[in-house]
Amino acid sequence: MVASDHVRRRLDEVCEPYGITHTQYNVLRILKGAYPKGYPRKEIVKRMLEAAPDVTRLLTRLEKRGLVARSESLSDRRWSVAHITRKGLALLDKMKPAISQLTSLISNRMSESDQRHFSTLCEKLYRD
């Protein structure tokens, strides 16, 4: 838990100059993976690294900044589908060097073998 908090704080430090949180960054990365189709809120929640209490409000904040757009689902008008915008894609591109630097800093602290072993141990913790 201490290591998880450390990584989360470091990621927030990287995201802060760009005006977003690590949770918002995660949502943008999820939506980039679905670009250009997008995802309904339920699918975003399912793919998030950490559970967020109110994804609807999170999407609203991203939408107000022009990073995300929402449209009605074609299959069910009660659902909206969130899409990353060009501005959101540009922000992720702009952040890429800083995120890569953080990823390298963290991954360089363990050998490749240690990383695989650590991943296996983590999977044992969260596997049903």
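Let me start with a term: a residue counts as buried when its relative accessible area is under 20%. Keep that in mind, and remember that this is a predicted model. By that cut-off, buried residues are 31% of the 128 in the protein chain.

Now the layout. The protein chain has six helices and three strands. Going along the sequence, the order is α-α-β-α-α-β-β-α-α. Along the principal axes, the C-alpha atoms fill a box of roughly 50 × 35 × 25 Å.

How far apart in sequence are the contacting residues? Take the contacts with a separation of 6 or more: 51% of them join residues 24 or more positions apart.

Next, the inside. In general, nonpolar side chains tend to be buried together in soluble globular proteins. Here, the largest nonpolar core has 27 residues. Ile20, Val27, Leu28, Leu31 and Ile44 have the most contacts inside this core. At least two core residues come from each of these elements: helix H1 (2-15), helix H2 (22-33), helix H4 (55-64), strand E3 (80-84) and helix H5 (86-107). Which one gives the largest share? That is H5, with six residues.

Let's zoom in on Leu28. Set aside its neighbours within four places in sequence. Leu28 then touches Ile20, Leu62, Leu67, Val68, Ile84, Leu91 and Leu92.

The protein chain exposes about 9,200 Å². Carbon and sulfur atoms supply 54% of that area. As for charge, there are 25 positive and 15 negative side chains. The centres of the two sets lie 4 Å apart.

Definitions and conventions
Residues numbered from 1 in each chain as written. Predicted model: local features only at pLDDT ≥ 70, side-chain atom pairs only at ≥ 80, totals over all residues. Heavy atoms only, no water. Helix = DSSP H or I, 4+ residues; strand = E, 2+ residues; numbered from the N terminus. Buried < 20%, exposed > 50% of the residue type's maximum accessible area, 1.4 Å probe, protein only. Contact = heavy atoms within 4.5 Å. Areas by Shrake-Rupley, 256 points an atom, 1.4 Å probe, with all protein chains shown as cover. Lys, Arg positive; Asp, Glu negative; His and termini not counted. Charge placed at Lys NZ, Arg CZ, Asp CG, Glu CD. Core = buried A, V, L, I, M, F, W, Y, C linked by side-chain atoms within 4.5 Å.
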